[in-house]
Amino acid sequence: MVSTTRIALSRSARNHRHRYARHRSLSRKSFPSNPLLRDFEFPPFDVVEAKHVRPGILALLKKLEGDLEELERTVEPSWPKLVEPLEKIVDRLTVVWGMINHLKGVKDSADLGAAIKEVQEEKVKFQLRLRQSKPVYNAFKALQESPDWNVLSDAQKRIVENQIKEAVLNGIALEDGKREEFNKIEQELDKLSKKFGGNVRAATKKFEKLITDKKDIEGLPATALGLAAQRAVSNGHANATPDNGPWVITLDAPSFMAVMKHARNRALREEIYRADVTQASSGDIDNTLIIDQILKLRLEKAKLLGYNNYAEVSMAMKMATIDEAEELLEKLRSASWDAAVQDMEDIKHFAKSQGAAESDDLSHWDINFWSERLRELKYDINEEELRPYFSLPKVMEGLFNLARTLFGIEIEAADGLAPVWNSDVRFYCVKDSSGKPIAYFYFDPYSRPSEKRGGAWMDEVVGRSRVLSRDGASARLPVAHMVCNFTPPVGTKPSLMTFQEVETVFHEFGHALQHMLTKQDEGLVAGIRGIEWDAVELPSQFMENWCYHKDTLMGIAKHYETGENLPEDVYKKLLAARTFRAGSLSLRQIRYASVDLQLHTKYVPGGPESVYDVDRRVSERTQVIPPLPEDRFLCSFSYIFAGEYAAGYYSYKWAEVLSADAFSAFDDAGLDDSKAVQETGQRFRETILALGGGKAPLQVFIEFRRRKPLPDALLSRLVSRARGNPISFEV
Ligand SMILES: [Zn+2]
């Protein structure tokens with residue numbers, strides 16, 4: 001999830017055009033004192049400081065401003081006079097901004113944050129100017145209509161088409177009067193989204209439940225009690241302790257989820273649940289009207305651009321069409337339904353066996369609680385006890401071995417070759433089977449709470465590019481970074497990981513592989529650039545699947561002291577836990593995705609049906625227990641009203657289908673047949689990992705799978721639960 005956001009960020013940076021006048025800069029001053037302005041093979045991460053940000057970025061932007069003007073003056077509808085200078089502009093801004101943005105993520109300080117904030121607005125202004133360049137747009141249109149069009153490669157054609165499509169979606173093609181109207185709508189939408197998000201945050205902040213009686217919070221784990229006591233302290237209860245309280249429960253995810261899953265006090269669960277689903281739906285932070293205004297303006301925007309609805313706008317740059325997404329959601333819905341009903345039966349049965357008074361009348365606030373009890377009983381794998389089996393060096397070795405087997409690459413330590421921002425950061429070189437370097441990556445594994453943000457992500461440092469060749473002959477090689485937050489080693493004890501962390505590093509490595517193993521020389525669509533964002537999670541989720549592959553997992557899961565294998569029954573539990581309540585969880589995502597699509601396709605603002613009616617209609621088909629009449633979940637659905645997921649929430653499911661289907665190609669070939677696995681791996685490398693954004697993702701998928709994507713592999717995970725195979729839970 002984190003990485004999705006990161007990629008979304010780097011993808012938006014891609015749109016910004018900007019030209020690096022390297023020669024001029026070098027002739028004026030061969031070695032600028034500001035490291036942000038230097039030419040480099042690997043970024044000088046070791047010397048960039050907060051003090052460089054403001055002068056560096058402002059100087060860069062000024063130069064680029066001039067370069068853009070020059071491009072607009074001299075532009076011709078030809079590759080060398082349009083796309084090459086443009087790529088240099090896009091690239092320089094992406095790389096330099098990427099550097100400081102990266103340092104903010106891994107080596108933050110108050111000074112750095114303030115310095116970035118100071119130049120942020122200037123940068124955004126420049127980006128807007130770039131995006132709205134009419135001469136550049138006109139040149140792309142002219143190129144498309146010129147005789148040169150026919151000699152362009154497929155990747156080059158896609159660059160031109162995407163540039164035009166993006167420009168059109170940004171309103172550039174509109175006549176002056178309409179463009180003004182368009183810009184006004186954009187500004188208004190921006191304001192409304194911010195207001196929506198602000199209201200949600202205000203609502204979350206406003207709600208607090210003070211608990212003084214220990215009985216009332218029974219069941220909460222130590223971490224949650226610690227959090228609740230900490231909150232109480234900051235609210236003025238100076239003597240609050242985790243053991244004796246008082247405690248403050250909030251609607252922040254960690255606090256809210258702890259209550260839903262663990263609080264034995266049913267009344268407390270109900271109160272917190274009701275507070276959550278009615279957030280930001282009343283008083284002066286009511287989002288109801290804002291939702292309606294947003295939907296109305298999005299529809300107006302779509303109509304201005306010549307589309308029927310906003311979903312068509314959103315999906316113009318995505319892999320799926322509205323019909324395909326709806327069809328998929330319905331298929332998954334009907335397949336998930338029976339499994340979810342079965343899940344509910346299991347929970348009821350289990351709650352009854354535990355003597356729960358509410359077992360015949362389970363409500364929304366009981367489901368998480370009882371399924372968590374059932375999970376503990378059936379599959380609970382004590383994460384802490386598993387850590388000794390997953391030492392970081394062994395896991396990385398296993399991951400690199402897998403990459404060798406599947407893709408025929410060698411990954412070698414290259415520490416010292418590139419400057420790093422912290423001495424724990426590792427640097428690696430990726431070589432092809434002939435021993436030739438094809439890419440590099442940084443790996444920053446350990447948590448450093450004082451300066452590094454949480455979570456895990458991957459991003460590009462530089463991308464593969466012919467135009468930005470360092471020697472004038474061969475393409476510049478791609479460089480990636482992977483950032484995680486694992487436990488640092490202590491003394492001779494290596495960093496020990498949970499199974500979830502193992503999945504995380506496989507996931508991020510999948511993104512990194514797509515960036516590094518690209519064979520695309522056109523920088524604007526190399527690696528992860530230019531890939532439709534409902535397709536971008538394919539390689540990452542694909543890699544996660546290998547964590548459940550027995551040979552792969554057993555190959556890395558060895559006790560760091562004794563060397564003994566992960567016990568067989570633990571492996572089986574990991575496997576089973578993966579599909580525990582898969583139908584219910586799937587239905588929940590389908591509800592979100594479906595209501596999102598409905599609101600952006602058929603919904604008529606101001607029409608006979610309210611947004612809540614739409615949600616209710618969707619919920620009746622996607623929730624085994626109907627929602628509460630006062631459920632106002634839409635009022636806090638920030639993904640689509642304050643984020644970038646409008647008519648895009650389906651992409652979670654879409655990407656899951658693609659990755660499960662891609663992995664099933666290995667299943668079909670025979671996971672025990674090493675030759676077949678290698679061949680399939682090579683094909684994966686030559687298609688999904690190599691072609692980047694240079695080819696439509698459906699075409700790429702078909703080249704790999706030799707057919708269109710099918711949801712069967714994902715469906716089979718769901719239905720295996722529904723058909724027989726009920727969970728037994730004798731104590
Ligand atoms: Zn991801």
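How many aromatic pairs does a search of the whole structure find? The search finds 41 aromatic pairs. Rings of Phe, Tyr and Trp (its six-membered ring) pair if their centres lie within 6.5 Å; planes under 30 degrees apart count as stacked, over 60 as edge-to-face and the rest as tilted.

One of these pairs joins F350 and W370: the ring centres are 6.1 Å apart and the planes stand at 75°, so the pair is edge-to-face. Because F350 lies in helix 14 (residues 322-353) and W370 in helix 15 (residues 364-378), the pair ties together parts that are 20 residues apart in sequence. Helices (H or I, at least four residues) and strands (E, at least two) are DSSP runs, numbered from the N terminus. Both F350 and W370 are buried. Buried means under 20% relative accessible area, exposed over 50%, and partly exposed in between (1.4 Å probe, protein chains only).

F441 and F509 also form an edge-to-face pair, with 5.8 Å from centre to centre and 65° between the planes. F441 belongs to strand 5 (residues 437-446) and F509 to helix 18 (residues 499-516), so this pair ties together parts 68 residues apart in sequence. F441 has 0% relative accessibility and therefore counts as buried; F509, at 0%, counts as buried too.

Elsewhere, ring pairs link W533, Y592, F633, F637, Y639, Y645, Y649 and Y652 into a cluster.

Rings also meet charges. The charged end of R373 sits over the ring of F369, 4.7 Å from its centre, and that of R453 sits over the ring of W457, 3.8 Å from its centre. A charge sits over a ring if NZ of Lys or CZ of Arg is within 6 Å of the ring centre and within 35 degrees of the ring normal.

Now consider the chain as a whole. It has 28 helices and 7 strands, and 56% of its 731 residues count as buried. Its C-alpha trace spans about 80 × 65 × 60 Å along the principal axes. Of the contacts (heavy atoms within 4.5 Å) with a separation of 6 or more, 73% are between residues 24 or more positions apart.

This is a predicted model: local features need pLDDT of at least 70, side-chain atom pairs count only at pLDDT 80 or more, and totals for chains, interfaces and linings use all residues. Residues are numbered from 1 along each chain as its sequence is written, and side-chain values use heavy atoms, with hydrogens and water left out.
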